[in-house]
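User: Please take me through some of the assignments made in this structure. I would like each one set against its definition.
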Amino acid sequence: MTNSDVPRERPLSPHLQVYSPMLTMMMSIVHRITGSALYFGTFLVVWWLIAAASGPAYFDLVNGFFSSWFGRLILFGYTWAAINHMLGGIKHLFWDTGRGFELETVERNARLTLGGSIVLTILLWVIAYGVK
Amino acid sequence: MSLRTPLSKVRGLGSAKDGTEHWWHQRVTAVANIPLVLIFAFVLINSVGKPHAEVAALLGSPLVVIALLMMIGSITWHMRLGMQVIIEDYISSEGRKIAALMANTFFCAAMAVAGGFAILKLGFAS
């Protein structure tokens, strides 16, 4: 006879709360969060494209929103999310080849992803303002 | 009693109901996204502060239309796959999971069609 149908408190395997935060783990979580942000942010991209396709009046309205400090803040965060997710994704593609799993490499790539995303985001915005 | 062999039942149909396609499509679209999103970023930077006519002309030029269409297709497919994994990870109730997966597909399809339509309209207008 088995007790498999008797309900009881089963032990759970340890989860996030038993670990102290590490950079590699935070970058993994951030990769998922930026992915989600980009998911909903697609709405902004499509909104802007529809505005451009709708004509000058509506385009100016939408551009006005994106030019406001709030709009710029969203776009800045969106740019960073996109670059961070892209660099993290390139890291994943590198892992897919079976390389880069040594502890020091993993740690270095996590730092490169974070640092690179901040530097590239600022660089992109400097270029954008330079063009303007 | 099924006449199918055990091998034919499991071939490519594990608990996820498909084989490596999900993982593979995520990778293919990820690789495609890199150049396509960079092109879009370049177009965006060149549109900053420009009047509508100039932006519409840039967005409507054939090469930009082709690149942006591919970008919309690739990113919406990629984000549908990604959100599917998040839903499957965090929503355990079967009913709510199916509803969320459906909503995911609807949102991504809506973004793909809306974005694609806008790009085509710009392309055919100029």
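User: How do you know that the span of helix H3 (residues 69–96) of chain A agrees with its number of residues?

Analyst: This is a predicted model, in which local features need pLDDT of at least 70, side-chain atom pairs count only at pLDDT 80 or more, and totals for chains, interfaces and linings use all residues. Residues are numbered from 1 along each chain as its sequence is written, while chains are lettered from A and ligands numbered from 1 in the order in which they are written. A helix is a DSSP run of H or I of at least four residues, numbered from the N terminus, and its expected span is 1.5 Å times one less than its number of residues. For the 28 residues of H3(A) that gives 40 Å; the end C-alpha atoms are 40 Å apart, so the two agree. Just after H3(A), Gly98(A) takes a positive phi of about 85°.

User: Why is Val62(A) called partly exposed?

Analyst: A residue is buried with 20 or more other C-beta atoms (placed from the backbone) within 10 Å of its own, exposed with 12 or fewer, and partly exposed in between. Val62(A) has 18, and is therefore partly exposed. Val62(A) lies in helix H2 (residues 56–67) of chain A.

User: What is Val62(A) in contact with, leaving aside its neighbours within four places in sequence?

Analyst: Contact requires C-beta atoms, placed from the backbone, within 7 Å; on that basis the partners of Val62(A) are Trp47(A), Trp48(A) and Ala51(A).

User: What covers the buried residues of H3(A)?

Analyst: The cover includes helix H1 (23–54) and helix H4 (103–131) of chain A, together with helix H2 (21–47) of chain B.

How values were computed:
Helices (H or I, at least four residues) and strands (E, at least two) are DSSP runs, numbered from the N terminus. Two residues are in contact if their C-beta atoms, placed from the backbone, lie within 7 Å.
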